[in-house]
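Colleague: I am new to reading protein models. Could you walk me through one, feature by feature?

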Amino acid sequence: MMKASLILGVLIALQAKAMTLDEYLTEVKSKNSLFSSFDTLVQAADEKKEAGDIILEPQLTATYGKTVDKTVPTSLGEKRETTDTTLGLSKKFSTGTSFSLSAKTNQYFNSQMAPPTDEYSTGLLTLGLQQSLWKDFFGAGTRLRHRREESVNQLEKMATELNKRAFLVGVESTFWDYIVAVEDLNLKKANFERAKKLDSWTSTRLSNGIGDRSDLMSIKAL
């Protein structure tokens, strides 16, 4: 309905301004939301393809936790507090190699204890390196995914382009239908004016007694 009303409005403007086909198509392209959505679909297809590599982006993780234990008094005191902090960084490469680095600290506080057991801390640094030997051996899985995403991207863009061209073909067809209809209307108007003149001329001849009534009936039927 929106498409029909918009094209009708452009056709009215076409009649008023005597647009050429190129001007008409330019007007439709600039004002039709369906046409502009085709470019949005192409952009979305490209962004969808690029989003596939989000798994290769670096990932940062952080955790913080604190526990307080006052259940049963032990040799470490009546109250024991533990604070855990972890910070990690990981990155997967297109070769199928994964790298990770994490640091963890633990802080302990024991009430009613003499130094150094009342408060102390520990730390742990972990470095990890992983290489896929089957699913993504030296990036084979990544390259396969890239080819698949490229194929999907091309299909989506081709489908959008086909829909876009079909839309323009329909718009151009409407333009020529309108031109033919206008020419047909002008021709019928001209024929009607000629018929009225013939009717007047034949009526005058009949009233003057030099015409035939059957000719007048034929003209009126026309």
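This is a predicted model: local features need pLDDT of at least 70, side-chain atom pairs count only at pLDDT 80 or more; totals for chains, interfaces and linings use all residues.

Colleague: How many helices and strands are in the chain?

Modeller: Helices (H or I, at least four residues) and strands (E, at least two) are DSSP runs, numbered from the N terminus. Here there are five helices and four strands, and along the sequence they follow the pattern α-α-α-β-β-β-β-α-α.

Colleague: In which order do the strands of the sheet lie?

Modeller: Strands of a sheet pair through backbone hydrogen bonds, either parallel or antiparallel. Two strands count as paired if DSSP finds at least two bridges between them. In this model, four strands form an open sheet in the order E1-E2-E3-E4, with antiparallel pairing. Strand E1 (59–69) and strand E4 (119–131) are the edge strands, each pairing on one side only. Look also at E2 (residues 80–92) and E3 (residues 97–110): 13 bridges join them. Leu-89 stands opposite Leu-101 in E3.

Colleague: Is Leu-101 buried, partly exposed or exposed?

Modeller: Buried means under 20% relative accessible area, exposed over 50%, and partly exposed in between (1.4 Å probe, protein chains only). Leu-101 has a relative accessible area of 34%, so it is partly exposed. Of the 222 residues of the chain, 20% count as buried.

Colleague: Which residues of helix H2 are buried?

Modeller: In H2 (residues 21–31) they are Leu-21, Tyr-24, Leu-25, Glu-27 and Val-28. Seen down the axis of H2, these buried residues fall within an arc of 160°, so they line one face of the helix. That arc is taken from the directions from the helix axis to the C-beta atoms. On the other side of H2, Asp-22, Thr-26 and Ser-30 are exposed.

Colleague: Which residues form the nonpolar patch on the surface?

Modeller: Nonpolar side chains (Val, Leu, Ile, Met, Phe, Trp, Tyr) are joined within 5 Å, and like charges within 9 Å. This patch consists of Leu-60, Leu-87, Leu-89, Phe-93, Phe-99, Leu-101, Leu-125, Leu-127 and Leu-129, with about 930 Å² of accessible area together. The areas come from the Shrake-Rupley method with a 1.4 Å probe; for residues, only the protein chains shown count as cover. E2, E3 and E4 each give two or more residues to the patch, and the largest share, three residues, comes from E4.

Technical notes
Residues are numbered from 1 along each chain as its sequence is written. Side-chain values use heavy atoms; hydrogens and water are left out. Patches are made of residues with over 30% relative accessible area and no salt bridge: like charges are joined within 9 Å, nonpolar side chains (Val, Leu, Ile, Met, Phe, Trp, Tyr) within 5 Å. A salt bridge is a side-chain nitrogen of Lys or Arg within 4 Å of a carboxyl oxygen of Asp or Glu.
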